[in-house]
Amino acid sequence: MVSGRNIDYKLICITNRHLVKGDFYTHIQHILTCNNKPGMLVLREKDLKEEEYIILAEKVMQICNDNNTLCVLHYFKDTALKLGADGIHLPYTMFMDMPASEKNCFKVKGVSIHSEEEAVNAQKAGASYIMAGHIFETACKEGVKPRGTGFLKKVCNKVNIPVYAIGGINENNAFCCIEAGAAGVCLMSGYMKKTDAAL
């Protein structure tokens, strides 16, 4: 949790090992001990097959555990169940289709949403938090128009669970998201590319 203009908000690290210079695990260790360390890390390595992801996940979960940071696994729910992960983050459709018996295995359940309706439905279906985006222009969504802070504000007003803004967020625009009602912001490049993460 960090403070800006007397408002506390959460920083979430979204991983992308392709942006890291040097050893990925060493970099994760550094992130979790640097100034403005994240309150949560989402291991989002979308190019990996599940058998590759599980190897990465085991090591990163241990680093997070050693540094008292919540590690949320992404997409591969079977791997998350197998490893006894505390958290899972899923695309909206996958989460909505997930049986309650599996959802109940996780302390933290995150969902990516792209509309107000999805936000409301995800909350009703048991989401602990939602990620709303993309808010600003980002290389990850090149050519796709960002939804902006107006969209973010509408989503925040629709639900009672934390909303984390994602997409093109940096030290210059992060607080715009907090002013719109977000409980925190997600950073990929800000953590993956820098020696000392900003914000």
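Contact here means heavy atoms within 4.5 Å. The structure is a predicted model. In this model, and leaving aside neighbours within four places in sequence, Leu-152 is in contact with Ala-132, Ile-135, Val-163, Ala-165, Cys-177, Ala-180 and Ala-182. Leu-152 also belongs to the largest nonpolar core, a set of 68 residues in which Leu-73, Ile-113, Ile-130 and Leu-152 touch the most other members. Helix α2, spanning residues 50–66, gives the most to this core, with 7 residues.

Val-163, one of the residues in contact with Leu-152, lies in strand β8, which covers residues 163–166. Val-163 counts as buried because its relative accessibility is 2%, under the 20% cut-off. When residues up to four places away in sequence are not counted, Val-163 touches Ile-130, Ala-132, Leu-152, Val-155, Cys-156, Ala-182, Ala-183 and Gly-184. Val-163 and Val-185 are separated by 22 residues in sequence, and their C-alpha atoms are 8.6 Å apart.

The cysteines were examined for disulfides, and a search of the whole structure finds 0. For Cys-34, the closest cysteine sulfur is that of Cys-13, at 9.0 Å, which is too far for a bond, since a disulfide requires sulfur atoms within 2.5 Å. Cys-71 is likewise in no disulfide, and the nearest cysteine sulfur, in Cys-64, lies 4.1 Å away. Cys-34 counts as buried at 10% relative accessibility, and Cys-71 is buried with a relative accessible area of 7%.

Methods:
Residues are numbered from 1 along each chain as its sequence is written. This is a predicted model: local features need pLDDT of at least 70, side-chain atom pairs count only at pLDDT 80 or more; totals for chains, interfaces and linings use all residues. Side-chain values use heavy atoms; hydrogens and water are left out. Helices (H or I, at least four residues) and strands (E, at least two) are DSSP runs, numbered from the N terminus. Buried means under 20% relative accessible area, exposed over 50%, partly exposed in between (1.4 Å probe, protein chains only). A nonpolar core is a set of buried Ala, Val, Leu, Ile, Met, Phe, Trp, Tyr and Cys residues joined through side-chain atoms within 4.5 Å.
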